[in-house]
Amino acid sequence: MPCPSPLRADIIAEFDISSLPLLQNWLREQELEGDDGICLLRRTLDSSGRSRGFINGRSATLQQLREAGEHLVDIHGQHAHQSLVRGDAQRVLLDSHAGLGKQAEEVMVGYRTWQALHRRRQQLEQNAEAVAAERELLSFQRRELETLNFAADEWESLQADHARLSHAASLLETAQFGVEVLSEADTACLAQLNALTSRLRSGLEFDAGLQGTLTMLESAQNELQEAVYALRHYQQKLDTDPQQLRQQEQRMADVVEAARKYRVPPEQLPQALTGIVARLDELGGSADLAELARQDEAARAAYLDAARSLSEARITAAEAMSAEITAAMQTLAMQGGQFSVALLPLNEGNEHGLEIVEFQVAANQGTPLRSLAKVASGGELSRISLAIQVAASRAAAVPTLIFDEVDSGIGGRVAEIVGSLLKQLGKRHQVMCVTHLPQVAAQADAQWQVSKASHAGKTLSSIRVLEETERIEEIARMLGGVKITETTRKHAAELLGVPA
């Protein structure tokens, strides 16, 4: 019996990426572009455990799906705090929130320019003798190849000319044989053809049907005569000068020797010369070291000027952002908590500036500030992340935000504030929230119910969208537990802002 096909599930998500230029560029680089402004992700899984991924209908690796997903979805939950705990994301968030993206890019360009010059200067200073010896060797090789004056298309011409000159006698004999066969021998083709055409012309008086044959033979006669002229012309122009042959052989020998010396095929000698010239330009002349040192210092000064300007702007932005998020924390059951955007100085700086941007938090009054990435409580981190996202939502690049149980450890008035903050955030992003609090669920534009049930000895999970009446029942269940009363239904309708 044939084996049954494995069961398969398809998971498909469509995203609007019209406002995500970084993702659009990434898709172009990966040759995974789709319709304008749309990114379609698809993952297939079968019961045998195999899976395949697709982006815009093209096969993609799991790594590519993961990279695309980082541009599209940010998850904040008990165990998955993605971008906000990464140092680079914190720096980008601060710069974006303060409108410092252009300055940060200028600093990056300035640093890379300085480092390229600095590395080149160090190389020349540390290997001055070796560089001088290499420059001398390359200069000799350049002169040698320029003197050879060999072009890529010359090799084929040389081979053809040499073959012709070395076989000149045989070629002359062949041409003469052709002339004799066609025109000069007693039984030459042309002579016999002339006799035949003469007789056919006479026969035309008696049968006009011979005209077609005569026409073809006259055409052949003309072609043969042209061939005789061509062979005689070839005899005249064919050069059998031994001196020219020796010159061609010497030229070929010089080219072959150069190719052997530089370890390339003869036709690649021009590319070898190009590489030598490029390397000489890279090494520069002996007088270039002082000029390179001057350029190095100038590039460093330009970088430092730009980096210091960026640092000053970051200090102002960090103070404002710290105060804004600290204020938001007070409404999220974190009274007395403090948030700080710390700028940790770097001795030499890097392409991102003269400091490391680090988000620090003290979840409770009297506790010291610690790195956001090291906060122990997942619930606290979720709520801090929520406060940060609300404050920075105008600059956030990820369009879809998922909050997993941000209501852990809170209730009542704080839960309602959390719901209001999520609703505010939902005006600029697509927000999904897993919650057990009716105050949070009631703020949503749409509500889904996730449930589990046993069937045939297996536990199955299902999800469905709730209609208005179903939402009232679900919110009432979240408010009152197993037993739902008319009072809880009225309370649920009040939370939803709909008639009971």
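Which residue in strand 3 does Leu 45 stand opposite? I looked it up: Ser 51.

**Ground rules.** I'm working on a predicted model, numbered from 1 along each chain as its sequence is written, where local features need pLDDT of at least 70, side-chain atom pairs count only at pLDDT 80 or more, and totals for chains, interfaces and linings use all residues. Side-chain values use heavy atoms, with hydrogens and water left out.

My helices (H or I, at least four residues) and strands (E, at least two) are DSSP runs numbered from the N terminus. I call two strands paired if DSSP finds at least two bridges between them. Strand 2 (residues 38–46) runs antiparallel to strand 1 (residues 8–16), and nine bridges join them. Here I found Asp 10 opposite Thr 44 in strand 2. Strand 2 also pairs with strand 3 (residues 51–55), antiparallel again, over five bridges. Their hairpin has four residues between the strands, and Gly 49 takes a positive phi near 100° there.

**Strands 6 to 8.** Next I checked an open antiparallel sheet of three strands, in the order 6-7-8. Strand 6 (338–350) and strand 8 (370–371) are its edges, each pairing on one side only. I counted two bridges between strand 7 (residues 353–362) and strand 8, and Val 361 has Arg 370 as its bridge partner in strand 8. Helix 3 (residues 87–97) packs on this sheet, touching strand 6 and strand 7; contact means heavy atoms within 4.5 Å. Its direction makes about 100° with that of strand 7, using lines fitted to C-alpha atoms (for helices over the stretch in contact) and angles from 0 to 180 degrees between N-to-C directions.

I used a 1 Å grid over the protein atoms alone: in a cavity a 1.4 Å probe fits but cannot get out, a pocket is an open set with protein on both sides within 12 Å along at least five of seven lines, and lining residues have an atom within 4 Å of a point. Points join across faces, edges and corners, and volume is the space filled by probe spheres set on them.

The whole structure gave me one cavity of 30 Å³ or more. Its lining is Arg 120, Gln 123, Leu 124, Arg 279, Glu 282 and Leu 283, with helix 4 (101–126) and helix 11 (269–283) each giving two or more residues.

The largest pocket has a volume of about 1000 Å³. Of its 29 lining residues, I noted Met 432, Cys 433, Val 434, Ala 446 and Trp 448 as the closest to its centre. Strand 10 gives the largest share of the lining, five residues.
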